[in-house]
Amino acid sequence: MRMNEIIYTDARPVDGYGPGFFRVGGEVHEGALLLWDKGKAGWGGFEDEGSLLSFVDMVDVILVGTGAEIAFLPTELRERLESEGLGVEVMSSPSACRTYNVLISEGRRVALAVLPV
């Protein structure tokens, strides 16, 4: 098997997660998290539409992690994000973290919005 070292540009990968927290670039963040190539912030969950809309023109897709299990994004929220031109992919938080790490290693324009497991 051929192994390639992954080099991240400005984006910091998700190093780990557990009950109520995420570890990003070696730093622990408690609670829900927004992560993108220029930074990280707390996230207010599905009711925090404004934070997600702030990524218009910055990213092509937002990966939404819904916790330990996959859940539906509220229809109104999905429609609003998509009407602004943001792609939305919903999955469990562990899957969203792994997918985010792969996409940032490829230099993709992506953001991560995750609820803790």
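A polar contact, as I use the term here, is a pair of N or O atoms within 3.5 Å; within protein, one must be able to donate a hydrogen and the other to accept it, and residues adjacent in sequence count only if both atoms are side-chain atoms.

**Ground rules**

I am working with a predicted model, so I note that local features need pLDDT of at least 70 and side-chain atom pairs count only at pLDDT 80 or more, while totals for chains, interfaces and linings use all residues. Residues are numbered from 1 along each chain as its sequence is written, and side-chain values use heavy atoms, with hydrogens and water left out.

**Entry: Ser93**

I began with Ser93, which I found in helix H3; helices (H or I, at least four residues) and strands (E, at least two) are DSSP runs, numbered from the N terminus. A polar atom of the Ser93 side chain lies 2.5 Å from the backbone oxygen of Leu115. Is Ser93 buried or exposed? Ser93 counts as buried, at 1% relative accessibility. My scale here: buried means under 20% relative accessible area, exposed over 50%, and partly exposed in between, with a 1.4 Å probe and protein chains only.

I then listed its contacts (heavy atoms within 4.5 Å). Beyond neighbours within four places in sequence, Ser93 touches Gly65, Thr66, Gly67, Val114, Leu115 and Val117.

**Entry: the sheet of five strands**

Next I traced an open sheet whose five strands run in the order E5-E4-E8-E6-E7, with mixed pairing. Two strands pair if DSSP finds at least two bridges between them. Which strands stand at the edges? They are E5 (39–42) and E7 (87–91); each has a single partner strand, so one side of each is left without a neighbour in the sheet. On average, neighbouring strands of this sheet are turned by 15 degrees against each other, direction ignored. For angles, axes are lines fitted to C-alpha atoms, for helices over the stretch in contact, and values run from 0 to 180 degrees between N-to-C directions.

Inside the sheet I looked up E4 (residues 33–36), which pairs with E8 in the antiparallel sense over three bridges. Leu35 has Leu112 in E8 as its bridge partner. Helix H3 lies across E4, E6, E7 and E8, and runs at about 165 degrees to E8.

**Entry: the sheet of three strands**

A further open sheet has the order E1-E2-E3, with antiparallel pairing. Its edge strands are E1 (14–18) and E3 (27–30), each pairing on one side only. E1 and E2 (residues 21–24) pair over four bridges in the antiparallel sense, and Gly16 has Arg23 in E2 as its bridge partner. H3 packs on this sheet too, touching E1 and E2, with its direction at about 175 degrees to that of E1.

**Entry: salt bridges**

Then I turned to charges. Side chains of opposite charge can pair when their charged atoms come close. How many salt bridges does the structure hold? I found eight, a salt bridge being a side-chain nitrogen of Lys or Arg within 4 Å of a carboxyl oxygen of Asp or Glu.

In one of them, Glu49 meets Arg80 at 3.2 Å, N to O. Glu49 sits in helix H1 (residues 49–53) and Arg80 in helix H2 (residues 75–83), so this pair ties together parts that are 31 residues apart in sequence. Glu49 is partly exposed at 28% relative accessible area, and Arg80 is partly exposed at 34%. Arg80 also forms a salt bridge with Glu84, at 2.7 Å, N to O; Glu84 is partly exposed at 34% relative accessibility.

I also checked Asp60 and Arg109, whose closest N and O atoms are 3.1 Å apart in a salt bridge. Asp60 is in the loop between H1 and strand E6 (61–65), and Arg109 is in the loop between H3 (93–105) and strand E8 (110–114); the pair links distant parts of the chain, 49 residues apart. Both ends are partly exposed: Asp60 has 45% relative accessible area, and Arg109 has 38%.

**Entry: Asp57**

Last, a backbone note. Asp57 is not a glycine, although its phi is positive, at about 70 degrees. I located Asp57 in the loop between H1 and E6, where it counts as exposed at 70% relative accessibility.
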